[in-house]
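Biologist: Before I rely on any of the terms used for this model, I would like to see each one set against its definition. Could you take me through them?

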Amino acid sequence: MLDQIKGLHHVTSMAKDARENNDFFTHKLGLRRVKKTVNFDAPDVYHLYYGDEFGTPGSVMTYFPFPNAARGRPGTGEVGVTVFSVPEGTLDFWQQRLGEQGVGGIERGELFGQKRLSFTGPDGDGFALVEVRDDDRAPWTDGGVADDEAIRGFHSVSMRLQDGGATAELLRFMNYEEIDKAGSVRRFAVKGGGNGADVIDIETLPLLNNARQGAGSVHHIAFSVENREKQLEVRKALLDTGYQVTPVIDRDYFWAIYFRTPGGVLFEVATNEPGFDRDEDTKHLGEALKLPSQHEHLRPWLETNLQPIEG
Ligand code: ZN
């Protein structure tokens with residue numbers, strides 16, 4: 001049993017249009033762009049990061065905008081909904097705000113006694129806001145949404161799986177415990193509490209087809225560990241359990257390991273160190289195009305060919 005994992009670190013998805021993606025997260029949802037870099041494995045594509053002021057683990061939504069990406073087909077073996085935490089009593093505000101901005105798929109609901117507002121991203125991405133009492137994480141408030149309403153960070157993700165059994169077992173191994181169940185949805189939370197982004201839902205849909213990934217699909221979800229030492233402990237434990245885990249990969253702002261889970265979702269375990277201020281001041285996070293040293297020689301080409309994004 002592992003106790004190093006403290007909740008979600010980031011969620012990474014795919015998009016079609018970088019400018020539209022940037023506008024959605026910074027202007028509509030009021031998050032801060034905390035890094036503008038490229039996909040280290042495909043450097044002709046952006047990697048855009050959005051979160052709170054610092055890009056605190058548990059608040060970071062990231063995107064690869066592939067200009068020619070076809071839209072994904074929702075299904076099983078993927079994360080279907082990414083859920084952000086907002087203060088109690090703010091869903092009316094958000095419903096009006098998102099409605100005025102032309103956001104699609106807006107729908108009120110309730111799950112496990114929590115009020116939620118579902119909506120879709122520019123590529124049909126599944127999102128929800130859920131009202132959480134006493135989420136004391138400090139929000140980014142320079143994005144046009146005031147402190148009283150602003151997004152605090154992630155609340156949860158919901159995975160759609162044909163068979164949730166083996167993934168549920170994996171989550172328990174990763175220090176999650178099952179805390180509730182409603183219909184086809186089982187809810188898990190970090191034992192003893194984590195970083196606020198503590199919840200994972202598994203929705204079991206045995207008759208639904210597998211998803212086909214594309215724009216609007218979640219590519220992977222990352223779990224947070226404090227440092228590289230704890231990451232190596234997790235890696236060893238997963239290997240000992242029979243998971244095929246990548247070596248540790250330097251992502252400049254964190255170190256990452258990846259492994260495919262039984263239900264089909266790609267998991268990452270990412271370190272909280274060194275963070276997004278390692279190559280620019282907190283005051284200017286996300287403004288300049290930042291490149292890892294191995295891709296620095298591509299800068300002239302990238303600065304000419306990457307789609308300019310505002311703000
Ligand atoms: Zn990642």
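**Terms and the values behind them**

Modeller: By the rule used here, the count comes to one cavity of 30 Å³ or more. This is a predicted model, in which local features need pLDDT of at least 70 and side-chain atom pairs count only at pLDDT 80 or more, while totals for chains, interfaces and linings use all residues. Residues are numbered from 1 along each chain as its sequence is written, and side-chain values use heavy atoms, with hydrogens and water left out.

Biologist: What makes a space a cavity, and which residues line the largest cavity?

Modeller: On a 1 Å grid over the protein atoms alone, a cavity is a set of points where a 1.4 Å probe fits but cannot get out, and lining residues have an atom within 4 Å of a point. The volume is the space filled by probe spheres set on the points, which are joined across faces, edges and corners; for the largest cavity this gives about 40 Å³. Its lining consists of Leu 31, Gly 51, Asp 52, Ser 59, Phe 84, Ile 151, Arg 152 and Gly 153.

Biologist: How do you know which atoms coordinate the zinc ion?

Modeller: Donors are N, O and S atoms within 2.8 Å of the metal (3.2 Å for Na, K and Ca), and sites may look incomplete because water is not among the atoms. His 10 (NE2), His 220 (NE2) and Glu 268 (OE) coordinate the zinc ion at 1.9 to 2.0 Å, and therefore count as donors under the 2.8 Å limit. Along the chain their spacing reads H-x209-H-x47-E. His 10 lies in strand β1 (residues 8-15) and His 220 in strand β13 (residues 218-225), so this pair ties together parts that are 210 residues apart in sequence. Strands are DSSP runs of E with at least two residues, helices are runs of H or I with at least four, and both are numbered from the N terminus.

Biologist: Why are His 10 and His 220 called buried?

Modeller: Buried means under 20% relative accessible area, exposed means over 50%, and partly exposed is in between, with a 1.4 Å probe and protein chains only. His 10 has 3% and His 220 has 5%, so both are buried by that cut-off. Leu 266, which lies in strand β16 (residues 266-274), also counts as buried, at 15%.

Biologist: What is Leu 266 in contact with, beyond its neighbours within four places in sequence?

Modeller: Contact means heavy atoms within 4.5 Å, and by that rule Leu 266 is in contact with His 219, His 220, Ile 221, Tyr 258, Phe 259 and Arg 260.

Biologist: Why are β2 and β14 called edge strands?

Modeller: Two strands pair if DSSP finds at least two bridges between them. Eight strands form an open sheet of mixed pairing in the order β2-β3-β4-β1-β13-β16-β15-β14. Here β2 (32-39) and β14 (249-250) each have a single partner strand, so one side of each is left without a neighbour in the sheet. Seven bridges join β2 to strand β3 (residues 42-51), and the two run antiparallel; Lys 36 has Leu 48 as its bridge partner in β3.

Biologist: Is Asn 21 buried or exposed, and what does Asn 21 touch?

Modeller: Asn 21 lies in helix α1 and, at 1% relative accessibility, counts as buried. Not counting residues up to four places away in sequence, Asn 21 touches Ala 15, Leu 48, Tyr 50 and Tyr 63.

Terms used
1 Å grid on protein atoms, 1.4 Å probe; cavity = no way out; pocket = protein on both sides within 12 Å on 5 of 7 lines; lining within 4 Å.
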